Amino acid sequence: MIAPVEVLTVRCPDPRCGTGNPYDAEDCAGCGTPVRAYGRLTAYAAHLFNRGLAAAREGRTAEARDLFAAVVHWCPADVEARNALALAGLRLGDADGARRQWELVLARRPGDPLAGRGLSQLGAAPR
Ligand SMILES: [Zn+2]
């Protein structure tokens, strides 16, 4: 008999186990490893992004940069977080880092206006 496919599953982070668990499971059904926090990573990335935005608004730019970097590490496809990371880096004087992030944004989403504007500003600015 073929088991039904879970739409939202949390794969056990222990590579020797790898059991698929329901999204809201406390512990892995296969080995008992706690998986609840692991399953929240995606929601947590959104939470970190919001904290990064708040930090940026309040002038805590280095903290914002670190929060956006954490989001991008978990969610490499998140172009909003990558744009925010580039901006925060630029404000901290890291023009090369900002350029790299914006190039990655454009590779994933060609024509992104924020990344395009950022890169053209960088092109005009002395290095
Ligand atoms: Zn397990």
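How are the donor residues of the zinc ion spaced in sequence? Their spacing is C-x4-C-x10-C-x2-C. The protein donors are Cys-12, Cys-17, Cys-28 and Cys-31, each through its SG atom. They lie 2.2 to 2.3 Å from the zinc ion. Donors are N, O and S atoms within 2.8 Å of the metal (3.2 Å for Na, K and Ca); water is not among the atoms, so sites may look incomplete.

The model is predicted: local features need pLDDT of at least 70, side-chain atom pairs count only at pLDDT 80 or more, and totals for chains, interfaces and linings use all residues. Residues are numbered from 1 along each chain as its sequence is written, and side-chain values use heavy atoms, with hydrogens and water left out.

The geometry of the zinc site comes next. The four donor atoms subtend angles of 105 to 113 degrees around the zinc ion, which makes the arrangement tetrahedral. Four donors count as tetrahedral if all angles lie between 85 and 135 degrees. Cys-17 and Cys-31 link distant parts of the chain, 14 residues apart. Cys-17 sits in the loop between β1 (9-11) and β2 (20-22). Cys-31 sits in the loop between β2 and α1 (36-39). Cys-17 counts as partly exposed because its relative accessibility is 26%. Cys-31 is also partly exposed, with a relative accessible area of 39%. Buried means under 20% relative accessible area, exposed over 50%, and partly exposed in between (1.4 Å probe, protein chains only).

The overall fold can be summarised briefly. The chain has six helices and two strands. From the N terminus on, the elements run β-β-α-α-α-α-α-α. Helices (H or I, at least four residues) and strands (E, at least two) are DSSP runs, numbered from the N terminus. The chain has 127 residues, of which 31% count as buried.

The average pLDDT, the predictor's confidence in each residue from 0 to 100, is 87 for the chain. A score of at least 70 is reached by 88% of the residues. Confidence is lowest in β1, at a mean of 76. It is highest in helix α5 (residues 95-108), at 96. Where pLDDT is low, the predicted coordinates should not be read in detail.

One aromatic pair was found in a search of the whole structure. The ring centres of Phe-49 and Phe-68 are 5.5 Å apart and their planes stand at 50 degrees, so the pair is tilted. Rings of Phe, Tyr and Trp (its six-membered ring) pair if their centres lie within 6.5 Å; planes under 30 degrees apart count as stacked, over 60 as edge-to-face and the rest as tilted. Phe-49 belongs to helix α2 (residues 41-57) and Phe-68 to helix α3 (residues 61-74).

The structure holds seven salt bridges. A salt bridge is a side-chain nitrogen of Lys or Arg within 4 Å of a carboxyl oxygen of Asp or Glu. Arg-109 takes part in a salt bridge with Glu-80, with the closest N and O atoms 3.2 Å apart. Arg-109 lies in the loop between α5 and α6 (113-124), and Glu-80 lies in helix α4 (residues 79-91), so the pair ties together parts 29 residues apart in sequence. Arg-109 is partly exposed at 35% relative accessibility, and Glu-80 is partly exposed at 42%. The side chain of Arg-109 also meets that of Asp-112 in a salt bridge (2.8 Å, N to O). Asp-112 is buried, with a relative accessible area of 5%.

Another salt bridge joins the side chains of Asp-66 and Arg-65 (3.1 Å, N to O). Asp-66 is partly exposed at 45% relative accessible area, and Arg-65 is partly exposed at 29%. A network of salt bridges links Glu-58, Arg-60 and Glu-63.

Two buried residues complete the picture. Asn-83 lies in helix α4 and counts as buried at 5% relative accessibility. The side chains of Asn-83 and Trp-102 are joined by a polar contact of 2.9 Å. A polar contact is a pair of N or O atoms within 3.5 Å; within protein, one must be able to donate a hydrogen and the other to accept it, and residues adjacent in sequence count only if both atoms are side-chain atoms. Gly-118 is in helix α6 and counts as buried at 4% relative accessibility. Gly-118 and Leu-90 are 28 residues apart in sequence and 9.2 Å apart in space, C-alpha to C-alpha.

Notes: Tetrahedral: all angles 85-135°; square planar, octahedral: opposite > 155°, others 65-115°.
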